[in-house]
Amino acid sequence: MSNPIIEKLRAAVATAATRLQEADNSAAIEEVRIEMLGRKGLIPALSKEMKDVPPEQRKATGMAFNEAKDQLEQLLAAALDRIDAAATAAAATELDLTLPGRRWSVGRKHPLMQVMDDCVAIFRRLGFIVADGPEIETVFNNFDALNTPDDHPSRDRGDTFYFADGRLLRTQTSPVQIRVMTAQPPPVRIVAPGRTFRRDTPDATHSMNFHQIEGLYIDDQVSLGDLKCVLLKFAHEMFGPDVGIRMRPHFFPFTEPSVEVDFSCIMCQGKGCRVCKNSGWLEIAGAGMVDPNVLTNVGYDPEQCSGYAFGMGIERIAMLRYRINDIRFLYENDVRFLQQF
Ligand code: PHE
């Protein structure tokens, strides 16, 4: 079924096609678009004649309009593509060999990852194997199996990110201890670097996500002296031979005894400065002898084996090593900052 409007639409598309074939710049193409589809163009003008079409032909005429519009859009797009391609080809032949070269900027590791890699390399040389665990953990691995009492403040919703299904973003790398020990019998000697999360308000020294490296050594005759030896060696490798360490009594649910480990201040060599708050010491790690309850929880016999564990913050070490005074620099990805490493 044909009527005068449908004929006119077909003619319009045919005219547009011819003109677009001849068009050799985008202005000519735009001209065609305005004449056909513009507010005062041919297609809107024709649609005003719709009211004269007998009702039984309305549907077919409407479809012809849609078809004509689609065809016009396609013709216009194809014409623009053709002109773009021609312009690119023309530009390619105008190669100016006298232009100065462009230097490629080479990417490199983020300072945090450099420090993480260095920590891992040091512990590998000391005989540790790298272990891994997920960032989304169970309450069991992150708290229960680590002997954390039900009312311990770290379990609080204000301190820890929980998912609706009850799992959580791990608040420490210590759950990797549980994963490794439940998967294999002693001896164990691993380090587990990774990302950790706490609901802290961000400031110069706090970030809601940060990194730790966990260490765990279980065997039949492990002592606190072994722990001190390994951490002292780490301190020397990371910050130089003049750094000393000390241990202060502390509390962690999963170690007994527990200690906090300080390194002598690398900024002032222990004399006292702003960074060490005039104490001469910097707090670097939490550590201790693995609590017998933890060993029991993973099916080890505390009469047969013992061991130490430690955990330290990668950001802290990176900030000391590179003299960075605000943790937020490590997460803003400002190229001016990152380029310095
Ligand atoms: N997981 C503790 C923390 O995040 C650190 C730690 C690790 C302490 C291992 C003792 C043993 O604070």
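This is a predicted model: local features need pLDDT of at least 70, side-chain atom pairs count only at pLDDT 80 or more; totals for chains, interfaces and linings use all residues.
Local features require pLDDT of at least 70 and side-chain atom pairs pLDDT 80 or more, while totals for chains, interfaces and linings use all residues. Residues are numbered from 1 along each chain as its sequence is written, and side-chain values use heavy atoms, with hydrogens and water left out.

Q: What distance separates the centres of domain 1 and domain 2?
A: The domain bounds come from an automatic or database assignment, which gives domain 1 (4-93) and domain 2 (111-338). Taken over C-alpha atoms, their centres are separated by 68 Å.

Q: How many residues does the largest nonpolar core have?
A: A nonpolar core is a set of buried Ala, Val, Leu, Ile, Met, Phe, Trp, Tyr and Cys residues joined through side-chain atoms within 4.5 Å. Phe123, Phe234, Phe263, Tyr308, Phe310, Met312 and Ile317 have the most contacts inside the largest one. A second, separate core of 21 residues includes Ala16, Ala64, Leu72 and Ala79. The residue count of the largest core is 47.

Q: Is Cys273 buried or exposed?
A: Buried means under 20% relative accessible area, exposed over 50%, and partly exposed in between, with a 1.4 Å probe and protein chains only. The relative accessible area of Cys273 is 18%, so this residue is buried.

Q: Which residues are in contact with Cys273, leaving aside its neighbours within four places in sequence?
A: Contact means heavy atoms within 4.5 Å. With neighbours within four places in sequence left aside, the residues in contact with Cys273 are Cys265, Met267, Cys268 and Asn278.
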